[in-house]
Amino acid sequence: MQPVETSVVDALRDGDEETFRRLVKEYGPSMLRVARMYVSSRAVAEEVVQEAWLAVVNGIGAFEGRSSLKTWIFRILTNIAKTRGQREGRSIPFSAVVGDESEPAVDPERFLGEDSRFPGHWAAPPRGWGPEDRLLAAETMAVVEDAIAALPASQAIVITMRDVEGFDAEEARNALDISETNQRVLLHRARSKVRQALEDYLG
Amino acid sequence: MKLFRRDMACRELVEVITDYLEGTMPARDRRRLERHLTACDGCTAYLEQMRETISLTGRLREKDVPPELEDRLLAAFRGWKS
């Protein structure tokens, strides 16, 4: 464990409220958003987060620092969220093998065919998205939010951890207990679809 | 140009762009991709759109948990402590 982390873990073991509050502020919003991907409502997601924190303080005595505290907390969270989602009759994310079933990043129709002079090159190339204020408008953000909500759960969870909450690849795959390749394939599919939704809207 | 160093097609680039952005691409493929970018406005725009997509997605991040949830968590923590 990093020295800083050791002191955080020790403080938590001692029941230090300020440390707990700080951790809740730091990880709480991400936990809520991730939990929401597994369960049916915001209210249930809040219950999952509460249950996860109880499991964290109850388990902190046994925390050995083999992963980072953050990874450990999110492992607990996703396990609880998964169980809860299952009980609600939702399908379990990451239960299916990430196959190589064809899911192209871009509609194949947008590329030139094999009989053209430049097969596989853009027939309908993407263009710039224009001014910043349009990109940052609330409507554009709603497009991103809706596109993520429309993704299969595993893709939604990975893009949320990586691109919304800023986990690095290693943190995300450890918290979710998935392989490096699966993490990357799911991220790729998710980002490609969100990009497409933005292009449809802005293009 | 030799056959085995064929230029990357745009259709291929859009499938490996995440590997490229993640830095998990072998150096040779990376050079091939970058060589393609220098000559292709469509793919340059695509890469830029991908970067903008990532940065916009990051703006969804919320900074706070709802205060009543925070209160509930703190109450639970105090209960656990005692």
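In this predicted model, B:K63 counts as exposed because it has 7 C-beta neighbours inside 10 Å, and a residue with 12 or fewer falls in that class. B:K63 sits in the loop between α3 (41–58) and α4 (67–81) of chain B.

Next, the interface. Chain A puts 44 residues in contact with 39 residues of chain B. On the chain A side, five helices each supply at least two residues: α2 (17–36), α3 (42–59), α6 (138–149), α7 (153–164) and α9 (180–202). The largest share comes from α9(A), with eight residues. The side of chain A that touches chain B divides by residue class as follows.

| Class | Residues on the chain A side |
|---|---|
| Nonpolar | 24 residues |
| Polar | nine residues |

The largest nonpolar core holds 47 residues. A:A35, A:V48, A:A52, A:I73, A:L77, A:V158 and A:A190 touch the most other members. Two or more residues come from each of α2, α3, α4 (69–87), α6, α7, α8 (169–176) and α9 of chain A, and also from α4 of chain B. α4(A) gives the largest share, eight residues.

What does A:A35 contact, leaving aside its neighbours within four places in sequence? The partners are A:A45, A:V48, A:V49, A:L77 and A:A81.

A second, separate core has 12 residues, among them B:L13, B:C40, B:C43 and B:Y46.

Terms used:
Residues are numbered from 1 along each chain as its sequence is written. Chains are lettered from A and ligands numbered from 1 in the order in which they are written. This is a predicted model: local features need pLDDT of at least 70, side-chain atom pairs count only at pLDDT 80 or more; totals for chains, interfaces and linings use all residues. Two residues are in contact if their C-beta atoms, placed from the backbone, lie within 7 Å. Helices (H or I, at least four residues) and strands (E, at least two) are DSSP runs, numbered from the N terminus. Ala, Val, Leu, Ile, Met, Phe, Trp, Tyr, Cys and Pro count as nonpolar, Asp, Glu, Lys and Arg as charged, and the others, Gly among them, as polar. A residue is buried if 20 or more other C-beta atoms lie within 10 Å of its own, exposed if 12 or fewer, and partly exposed in between; C-beta atoms are placed from the backbone. A nonpolar core is a set of buried Ala, Val, Leu, Ile, Met, Phe, Trp, Tyr and Cys residues joined through C-beta atoms within 7 Å.
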